[in-house]
Amino acid sequence: MVDQNERSILEAPEGPESTIEDRMNHPVAHVSWNDAVKYCEYVGKRLPTEAEWEMACRAGLRQKLYPWGNKLNPKGKHWANIWQGEFPKINTGEDGFIFTCPVDEFPPNKFGLYNMAGNVWEWTQDSWLNELDSKVKKGGSFLCHESYCWRYRCAARSFNTRDSSAANLGFRCAGDVN
């Protein structure tokens, strides 16, 4: 049962004037590792390992920073939802977004996967430095900027505790090939 406070948060995530109606194709966020694992189990999938996530991000490219190559903005176009401007003071939203963007907003990588860099961090199965409570997250988010958090690169990583959630933290499911 959802109480009135929870209902308000679900229907108006950023206060009374906000709505989820224009975010139905945005990534799910504010999901803890524990909850992401349970959801994956529910749909018969699992979280990707860190190695699987990175392989999926690279999509066959070798020695490249981003899922599309080494240039952040090839041909002057944005390929990821990250912070533009002076972090943390001004996000100019040059890429068209201040917060999350639709999951298919930018071009997919060569494996057909969207938003492997930026938008929201993504949980993986792996533990951080063998600490069972801290889990690896990959991909960076809309809050990442080169001057502070240059983590929207395929090889970059960070961590949170299993019970953490945030507006810039989500997940994707993985499955085994039979």
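The structure is a predicted model, in which local features need pLDDT of at least 70 and side-chain atom pairs count only at pLDDT 80 or more, while totals for chains, interfaces and linings use all residues. Residues are numbered from 1 along each chain as its sequence is written, and side-chain values use heavy atoms, with hydrogens and water left out.

The chain contains 3 helices and 6 strands; helices (H or I, at least four residues) and strands (E, at least two) are DSSP runs, numbered from the N terminus. Their order from the N terminus is α-α-α-β-β-β-β-β-β. The C-alpha atoms fill a box of roughly 50 × 40 × 30 Å along the principal axes. The radius of gyration, taken over C-alpha atoms, is compared with a globule rule of 2.2 Å times the number of residues to the power 0.38. For 178 residues a compact globule would have a value near 16 Å, and the chain, at 16 Å, agrees with this.

Of the 178 residues, 40% are buried, where buried means under 20% relative accessible area, exposed over 50%, and partly exposed in between (1.4 Å probe, protein chains only). Contact means heavy atoms within 4.5 Å. Among contacts between residues at least 6 apart in sequence, 59% join residues at least 24 apart.

In helix H3 (residues 50–58), the residues Glu-50, Trp-53, Ala-56, Cys-57 and Arg-58 are buried. The cover over the buried residues of H3 includes S3 and S4. After H3 comes Ala-59, with a positive phi near 50 degrees.

Cys-40 belongs to helix H2 and is counted as buried because its relative accessibility is 1%. Apart from neighbours within four places in sequence, Cys-40 is in contact with Lys-45, Arg-46, Leu-47, Phe-171 and Cys-173. Between Cys-40 and His-26 there are 14 residues in sequence and 18 Å in space, C-alpha to C-alpha.

Ser-141 is placed in the loop between strand S4 (131–138) and strand S5 (158–161). Ser-141 counts as buried, since its relative accessibility is 0%. The side chain of Ser-141 makes a polar contact with the side chain of Asn-168 at 2.9 Å. A polar contact is a pair of N or O atoms within 3.5 Å; within protein, one must be able to donate a hydrogen and the other to accept it, and residues adjacent in sequence count only if both atoms are side-chain atoms. Beyond the neighbours within four places in sequence, the contacts of Ser-141 include Asn-81, Ile-82, Gly-118 and Trp-121.

Some backbone features were found in loops. The peptide bond from Phe-87 to Pro-88 is cis, with omega near 0 degrees, and Pro-88 lies in the loop between strand S1 (85–86) and strand S2 (90–91). His-30, although not a glycine, has a positive phi of about 60 degrees. This residue is in the loop between helix H1 (4–11) and helix H2 (33–42), and at a relative accessible area of 49% His-30 is partly exposed. Asn-115, also a residue other than glycine, has a positive phi near 50 degrees. Asn-115 lies in the loop between S2 and strand S3 (121–128) and is buried, with a relative accessible area of 9%.
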